[in-house]
Amino acid sequence: MQIMIKVVLFLILAPVLGGLLSGFDRKIGARFQGRQGPPLLQPFYDLHKLFSKQSVVVNGVQDFLVGGFFVFVIFTGCIFFAGGDLLLVFFALTLAEVFLIMSASSANSPYSAMGAQRELVQMMAYEPMMLLAAIGFYIATGSFNVSEIVHTATPVIAVLPGMFFGFLYILTIKLRKSPFDISTSHHAHQEMVKGLTTELSGNVLALVELAGWYEDVLLLGFVGLFIINLEWWSILAAVAVCILCYFLEIFVDNLFPRVKWDKMLGSTWLVTLVAGGINLLVLTLVY
Amino acid sequence: MMKISKSPWLLHYDGSSCNGCDIEVLACLTPVYDVERFGVVNTGNPKHADILLITGGINRQNEAVVKQIYSQMPENKVVVAVGICACDGGIFKECYNILGGVDKVIPVDIYVPGCAARPEAIIDGVVKAIALLDRKRELKKRNAAALHKEA
């Protein structure tokens, strides 16, 4: 029963929170550039418009695959917030990504196909760190279950600082923020039209947007998992850290120009190896 | 009821413009004018766009391109011709390669004159286009309702 309530709460609250985060992002981004920026609720206006527009269907398979991406992102979030297995969460999220990549490569468009290839490179870059973080959680707490990880006496970040840094680094890729937004971007102008979502329009594009909001909340949930423990105030601390991390990502987004794929892959793997690897090594020696 | 006009995404196409109007269009996005206040996003993808904003006249080479872009945009859509060249060919009207204004190849809804069109005029045109987007949507809804009644 409690699990059902958690799932329903996630289904309802996550898009609201995700949309607000996105509006906050655009507003802060505009302020960085000395502009007034759109209203905070702008992402909701955009979503409403996309749902009410005509959808030009390139092929039926693409729409089906986008639907798969949407369902699996939500499924992943439900497992995570209901306190499920962390490994299952990571694998389900990967499956969702695979759906998105397949949908992009199913369209007969060079921009869409290039976006799909770059998304694959992005996955190659961030997957090792994600798995390493899951292993770190297991060694630190003795469990892969989210519900048991949050019941530790001390915050996990105390023993996993390197993992936390590594996770923040790949968060830039996952949130599609600027130095690493090579497959598709929130920003209007980029070299591949719109990469992954070039051939999507109307309500299908709206689904991708909505899934992105669910995903953002899920990713900030991971960040919070490093902080939350038995103490009640740790939840407040986790929320504060999540907001701080998101602000940091916006800052990085506005500060750095996009890098080439090899630089992204190299630097991400280096951070994973050094920060994550050393952390894991110390952890295995101590525990 | 949320209106479609709260989120107009814009596609800017440069016909055979001298770049004067293009620079003024981009000036609308800068901190001084900041059209993103109204939710305007400069998309660069016809499939995501609501407003097609064209500068410069139409020549024999880009005739097919303009038609293609227009046909790729999903309904409801509005076309804005910015600058006198886009309105009717302007100073290049008599050239052997120029067909004339944008309305020679696709239906134009809003004309923004000027050489180059000032950012204030362009914003005015875009705001008019936004109002038209809402009207088109209303009309479509009413037509659909009427059809439903008949059936």
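Just after helix α7 of chain A, A:Arg176 adopts a positive phi of about 55 degrees. The structure is a predicted model, in which local features need pLDDT of at least 70 and side-chain atom pairs count only at pLDDT 80 or more, whereas totals for chains, interfaces and linings use all residues; side-chain values use heavy atoms, with hydrogens and water left out. Residues are numbered from 1 along each chain as its sequence is written, and chains are lettered from A and ligands numbered from 1 in the order in which they are written.

## Helix α7 and its surroundings

Helices (H or I, at least four residues) and strands (E, at least two) are DSSP runs, numbered from the N terminus. Helix α7 of chain A comprises 14 residues, 161–174, and reaches 20 Å from its first C-alpha to its last. That span is close to the 20 Å expected at 1.5 Å a residue, where the expectation is 1.5 Å times one less than the number of residues.

How many residues of α7(A) are buried? The helix is mostly covered, with 11 of its 14 residues buried. Here buried means under 20% relative accessible area, exposed means over 50%, and partly exposed lies in between (1.4 Å probe, protein chains only). The buried residues include A:Met163, A:Phe164, A:Phe167, A:Leu168, A:Ile170, A:Leu171, A:Ile173 and A:Lys174. Their cover includes α4 (86–106), α5 (110–141), α8 (202–225), α9 and α10 (261–286) of chain A, contact being defined as heavy atoms within 4.5 Å.

A:Tyr126 belongs to helix α5 of chain A and counts as buried because its relative accessibility is 1%. Leaving aside residues up to four places away in sequence, A:Tyr126 touches A:Glu97, A:Ile170, A:Ile173 and A:Lys174. The C-alpha atoms of A:Tyr126 and A:Phe72 are separated by 19 Å, the two residues being 54 apart along the chain.

## Annotated spans

UniProt positions are given in the numbering used here, with shortened feature names, and the annotations may be inferred rather than shown by experiment. In an unreviewed entry, UniProt lists "transmembrane region" at residues 69–102, 123–140, 152–171, 233–252 and 264–286 of chain A. Residues 152–171 of chain A are 55% helix and 0% strand, with end C-alpha atoms 24 Å apart. Residues 233–252 of chain A are 100% helix and 0% strand, and their end C-alpha atoms are 29 Å apart.

For chain B, UniProt places the feature "domain: NADH:ubiquinone oxidoreductase-like 20kDa subunit" (unreviewed entry) at residues 18–128. This span of chain B is 30% helix and 18% strand, and its end C-alpha atoms lie 25 Å apart.

## A nonpolar surface patch

A:Val16, A:Leu20, A:Phe24, A:Phe32, A:Leu40, A:Leu41, A:Phe247, A:Phe251, A:Leu255 and A:Phe256 make a nonpolar surface patch of about 830 Å². The elements that give two or more residues to the patch are α1 (2–32) and α9 (233–255) of chain A. Helix α1(A) gives the most, with four residues. Patches consist of residues with over 30% relative accessible area and no salt bridge; like charges are joined within 9 Å, and nonpolar side chains (Val, Leu, Ile, Met, Phe, Trp, Tyr) within 5 Å. Areas come from the Shrake-Rupley method with a 1.4 Å probe, and for residues only the protein chains shown count as cover.

## Salt bridges

A salt bridge is a side-chain nitrogen of Lys or Arg within 4 Å of a carboxyl oxygen of Asp or Glu. Over all chains, the whole structure holds 17 salt bridges.

| Lysine | Aspartate | N to O distance |
|---|---|---|
| B:Lys93 | B:Asp88 | 3.3 Å |
| B:Lys128 | B:Asp124 | 3.3 Å |
| B:Lys136 | B:Asp109 | 3.6 Å |

B:Lys136 lies in helix α4 (residues 119–150) of chain B and B:Asp109 in the loop between β6 (98–100) and β7 (110–112), so this pair ties together parts that are 27 residues apart in sequence. B:Lys136 is partly exposed at 29% relative accessibility, as is B:Asp109 at 30%.

B:Lys128 and B:Asp124 are separated by about one helical turn because they are four residues apart in helix α4 of chain B. An α-helix has 3.6 residues a turn, so residues three or four places apart point the same way. B:Lys128 is partly exposed at 47%, and B:Asp124 is partly exposed at 42%.

B:Lys93 is partly exposed, with a relative accessible area of 42%, and B:Asp88 is partly exposed at 33%. A network of salt bridges links A:Arg26, A:Arg35, A:Asp46, B:Asp34 and B:Glu36.
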